[in-house]
Amino acid sequence: MHMVRWAVWNPLLEADSGRVTLPLQGGIQPNPSHCLVYKVPSASMSSEEVKQVESGTVRFQFSLGSEEHLDAPVEPVSGPKAEQQPARKPPTSPSSPPAPAPRGLAATQDSPVGPGLSISQLVASPRSPTQHCLARPTSQLPHGSRASPSQGQEFPLEGGISHLEAALSQTCLVLETSITERLRELPFTPLHAPIVVGTQTRSSAGQPSRASMVLLQSSGFPEILDANKQPAEAVNPTDPVTFNPQKEESDCLQSNEMVLQFLAFSRVAQDCRGTSWPKTVYFTFQFYRFPPATTPRLQLVQLDEAGQPGSGALTHILVPVSRDGTFDAGSPGFQLRYMVGPGFLKPGERRCFARYLAVQTLQIDVWDGDSLLLIGSAAVQMKHLLRQGRPAVQASHELEVVATEYEQDTMVVSGDVLGFGRVKPIGVHSVVKGRLHLTLANVGHLCEQKVRGCSTLPLSRSRVISNDGASRFSGGSLLTGGSSRRKHVVQAQKLADVDSELAAMLLTHARQGTGPRDIGRESDATRRRKLERMKSVRLQEAGGELGRRGTSVLAQQSVRTQHLRDLQVIAAYRERTKAESIASLLSLAITTEHTLHATLGVAEFFEFVLKNPHNTQHTVTVEIDNPELSVIVDSQEWRDFKGAAGLHTPVEEDMFHLRGSLAPQLYLRPHETAHIPFKFQSFSAGQLAMVQASSGLSNEKGTDAVSPWKSSAVPTKHAKVLFRASGGKPIAVLCLTVELQPHVVDQVFRFYHPELSFLKKAIRLPPWHTLPGAPVGTLGEDPPVHVRCSDPNVICETQNVGPGEPRDVFLKVASGPSPEIKDFFVIIYSDRWLATPTQTWQVHLHSLQRVDVSCVAGQLTRLSLVLRGTQTVRKVRAFTSHPQELKTDPKGVFVLPPRGVQDLHVGVRPLRAGSRFVHLNLVDVDCHQLVASWLVCLSCRQPLISKAFEITLAVGEGKGVNKRITYTNPYPSRRTFHLHSDHPELLRFREDSFQVAGGETYTIGLQFAPSLRVGEEEILIYINDHEDKNEEAFCVKVIYR
C-alpha cells in the first residue's frame, strides 16, 4: 500500500453537523503516518486559489447526532484548512439549463434499499482534475448574498469521495441526476488470447531421410523431367537460397511449369493414443492466383518393408482411388501441374511471382477422406523453386502435419485474481499427426508465340486514358446497340433481325419463320409452313386449274395487304426510334471505353484526360454510378499514387469543389485539358469467393486452359463516369469494364464454432520486418496498420499501440446455421491510402450444432442426438475426432430413412479434465458427403483422488515394467469393476475388468511402457462400476530417469 495524499481535520466540539472540504497534502513534509508520500506538482506559476486545489481535495459531511438528518440546513463548520478554501463552481454549458441540485443523503435506517455502497458514492476521478466539484462554505459567501441550495449543496459526481456510512436512499432528483449523467469509459481493453500468424502451419520441414528416399525410389513414382527430357536438378530444401530478381527476369525460359507431387503420408510416434489411422486422405491448398485445389481421395497403402512409426520411417504411400473404391494399380502418388507464363501473368507481374516464390509458404490442409474431418495442416517454403537460370529444379520435402485445437473462451470466475472483465486466455494445443512427403518442382519452358504473345496482352495497364480517339464521329449503323467497334462500311440488315419487338409485330416476317431465335415462334412458323404445303398438295390433287388460279390471285392480294401493313408499322417504328438511335450513336463520339484488371483489395489507379471542347468555360460535374470507383480529391494521395505508378503528369492543388455527399466539380476554361485521377478498389469478394472456394479440378494439366483475362467463372463489373457541363449536357463519357482476377492468399484460418453465435478472435501479427510483403524501411519504425474485410457483416479492426508492441487484428463474426461455412477475406495494409495489401488472409468459419456435455474424467456419460433423414435413403456412418473418448451407437454403417427421425446414441468418456471441443460428423459412405455435423463442447472435471503412488523408471528401449496395486471392494456383495487410464499409451492393465467379492481385496496388474525421454508424468487410474460410474481414482507419479 502506498500513500498518495493525506489531510488532517480537527472537528470543533460545538458543531453537531456540517460539510467540510479539505485540501490534500503531499511531498516531503511530515505526516501523521510517517510514510513516504508522492510529491505535489509544482504550482509556482499558479495563483493562490489554484494552489489550494492543485493536489486535490476531499469533501464530506458529518453529523454527531444519531437522530438528525444530514440534509438539515445548518451552518457548516470548517477547520483551519477549510477556512482558506475559496469558492469555485464547475463550468456549465450556456446552452443547457443548470441541473437541479440533489438533496442531502438520508440516514441508513430510512433507506428502503438496505445498507451498501452505490457507484455514485465511490466514484473518484483523479485523471480529470479540471472536473472536480468544490463546495463553497456559507461562511465564505460575500456579504449580502444568501446561500442557495444549488450553491450550498453541490453533489460531488467526480473528484469527491462520499462518506462510507452515508445512506443509499436518495430522492427522485438524485436518481434523475445519476441516470442522465453520461458514464465515463475507463481505459479497458478486452483480453483475447491472440493467435499468432503462422502457428497453425508452424510445422517443421526438412529433407527425407536416406531410408525414406530408398523406399520412395523403389515405389515407382513418376520422374520429373525438364524440357529436354532430362531429370530435373535436385536441390536440398535445407540449403540457403540466394534470390536474384534480375537473374530470374533475364531467364530465356519465360514459362514456368510448377509441379506438385504428393508421394506418401506417414504416422508419427507421438500419435499413439490408439487413434485410428485414416484409410484415405485428400488435400486442399491454393497456389498463387489459381483457384483453390482439392485433390481426389487417395488411398494410404502400407509398405511391406516399412519401419515402425516411432523410427520416423516411411510407412504409407499415396495411391489414387478408382470409382469402384479400389486403389489404382498404376503409378502411385498424385501430381498437379500449373503453367505460369506470359499468357497467365499480367505485364510486370513476373517479378511479383518470383517474390511470391521467394518469401511465401504454401499451406496444405490434410483431410480424412472417409470422415471428412481435418487431420492437420502443413506448410512448405517455395524459395527452392526459383530456378535462377537453371532448366529445372526439384526439392523433396518431409513436412509435419500439425493439428491445432482451440479451447473455448471462458470468463474468469475469481475477480480477485485478474480483476473484473478479464478473460481467461485460450488454450492452444498443437499435435503432430503425421508426416507428408511432397516433391515440388519448377520446369522451365520457352514462351510459345502461338499460345499468347507479349504483343497480344490487353492494353489496359496504361495509367493515362485519353478520349482523343472518341472526339470525332466515324459513322456506323443506328442499330448496332452502341458498340465501340464502329466501321465506315456497314452491311444492311433486316429490321426484324435486329429488333425482336418489331419482329413480333410483322405479319410477313412471322410467316417466313425468320427473325429472333425464339423456340415458340419457330415452332409456330414450322407448323404454318407444313399447313401451307398440305394445302398446296390437296389443291394439286383436285386438279382444278381454275381453282388454283383463283386461289393464287387471292393469296397474292392477301400478301400484298400484309406487306402494306408491315411497311406502315416499320415507318412508325423508325420515326419513334430515330431520335433515340441518333442520340445514342452521337454519344459514341464522346465515349471512351477502358478495361481494368482488378484484384481484391488492390487500388487500381488511373487518370482520365478530360478536354473542354467548347469555346466557353464550364463547371464540370463528375458523376459515377459505381461506389467502388471514386475520384481522388486529396492532392497528397494523388501524388503518392502517381509516384507509385511512375507517372510524371502534373498534380493540382484544390482541384475539385466538394459539396458534401454530392458529386465533385471542377472548373475548365475553353479548350482546356485536365487530368482527372480515379481509383477503383473492390473489397467485395462475392462470386469471386465462391469461385476461389470451388473444389473441382478440371485435370492435372488444365489449370491454365481458361484465359486469365476473360474467364466465364470470374465475374465482370461495369462502371460509367459521366462528365456533365454547366447546362447538364455531357461532354465526355468513360465506360469501364472491370475484370476481377483471383488474388494471392497468404494465410488460411479455419475455425469451428457453434451455430448462431459470435466468434471473437484476436490474430497477432508477427514482427513487422519479418512479415512477408512488408515494405522496406527502418526496423524500429512500424508503419500504421489498417485492416479491411470482404464481408461487411464481419467486424474487423486493429488498434494503434505503442512502438515495439505487438499488433493484433480483432475479428467478430456471427456464425450461421449448421452446416453453413462462411468464407471471407481479411486484408492488411501498411500504407496510409490502403493502396496495396501487405497480407491477405482467408478465414473459413464452420457453423456446427452445439452439444454441451458436463462430465467427469474417466466416467461414461450418455446422450442422444436426433438424426433427420433427407429426401432419399442414405447409408451413413458416424465419425468422431476423438474415437477414444467419444463412441456412437450404431457403430458402423446404418441406413438413414428418407424424411425420418432417428436417434444416434453417444457415449462420452473423457480421459483428461478441462474444456475442449470434439467433432462428430455423419457422412454418406456412398457419395462421401457430409450429412450432419456436431460440435460437442466438453466441460470435464477431475474426480477426487483417493490414493497416490510414485514410481521411478529407467529411460530406454526395454519392454516396460510390471507393477501391482490392490483394491478392496467396499460393498458387501460381489461387484464388477472396469479399469481406465488417462494415458493408455504409457500404462496398460493386465485385464480391463475384474470381479471381486464383497469386502475382498483384488490385485491389479499394471504394465508401464518405456519412455525415450527424461521427465515426469502423472497417470490417473479410473476404477468404474458396472455402469461405468467412477468409484475411485488413483494417481501414479512416474519419474523417468
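1. The buried residues of helix 8 pack against helix 7 (245-249), strand 6 (255-267) and strand 11 (334-340). Those buried residues are R350, F353, A354, Y356 and L357, in a helix that spans residues 350-359. They span an arc of only 155° around the axis, so they lie on the same side of helix 8. On terms: buried means under 20% relative accessible area, exposed over 50%, and partly exposed in between, with a 1.4 Å probe and protein chains only. Packing here rests on contacts, that is, heavy atoms within 4.5 Å, and the arc is taken over the directions from the helix axis to the C-beta atoms.

2. A word on the ground rules, as this is a predicted model: local features need pLDDT of at least 70, side-chain atom pairs count only at pLDDT 80 or more, and totals for chains, interfaces and linings use all residues. Residues are numbered from 1 along each chain as its sequence is written, and side-chain values use heavy atoms, with hydrogens and water left out.

3. For the overall picture, the protein chain has 16 helices and 46 strands. Both are DSSP runs numbered from the N terminus: helices are H or I with at least four residues, strands E with at least two. Of the 1041 residues, 42% are buried. Among contacts with a separation of 6 or more, 74% are between residues 24 or more positions apart.

4. Just after the helix, G220 has a positive phi of about 85°.

5. The aromatic residues deserve a look: there are 27 aromatic pairs. Rings of Phe, Tyr and Trp (its six-membered ring) pair if their centres lie within 6.5 Å; planes under 30 degrees apart are stacked, over 60 edge-to-face, and the rest tilted. Y282 and W367 are a stacked pair, because their ring centres are 6.1 Å apart and their planes are at 5°. This pair links distant parts of the chain, with Y282 in strand 7 (residues 280-285) and W367 in strand 12 (residues 361-368), 85 residues apart. Another stacked pair is F994 with Y1002, at 4.3 Å centre to centre and 0° between the planes. F994 is buried at 4% relative accessible area, and Y1002 is buried at 18%.

6. Which residues do ring pairs link into a cluster? They are F287, Y288, F290, Y338, F344, F353 and Y356. F353 and Y356 are also among the buried residues of helix 8.

7. Two charges sit over rings, which requires NZ of Lys or CZ of Arg within 6 Å of the ring centre and within 35 degrees of the ring normal. K812 has its charged end over the ring of F758, 5.0 Å from the centre. R975 lies over the face of Y971, 4.0 Å from the ring centre.

8. Please also check the open five-stranded sheet, with order 17-24-23-19-21 and mixed pairing. Strands count as paired if DSSP finds at least two bridges between them. Strand 23 (residues 716-724) and strand 24 (residues 730-741) run antiparallel and are joined by nine bridges. Within this pairing, K717 stands opposite V738 in strand 24.

9. F683 sits in the loop between strand 22 (673-680) and helix 16 (687-692). Its relative accessibility is 23%, so F683 counts as partly exposed. Leaving out residues up to four places away in sequence, F683 touches L600, G601, R788, C789, S790, I827 and Y829.

10. Finally, some backbone details. D889 and P890 are joined by a cis peptide bond, with omega about 5°, and P890 lies in the loop between strand 34 (886-889) and strand 35 (894-896). L372 has a positive phi near 60° although it is not a glycine; L372 is buried, at 17% relative accessible area. L756 likewise has a positive phi, near 55°, but L756 is exposed at 64% relative accessibility.
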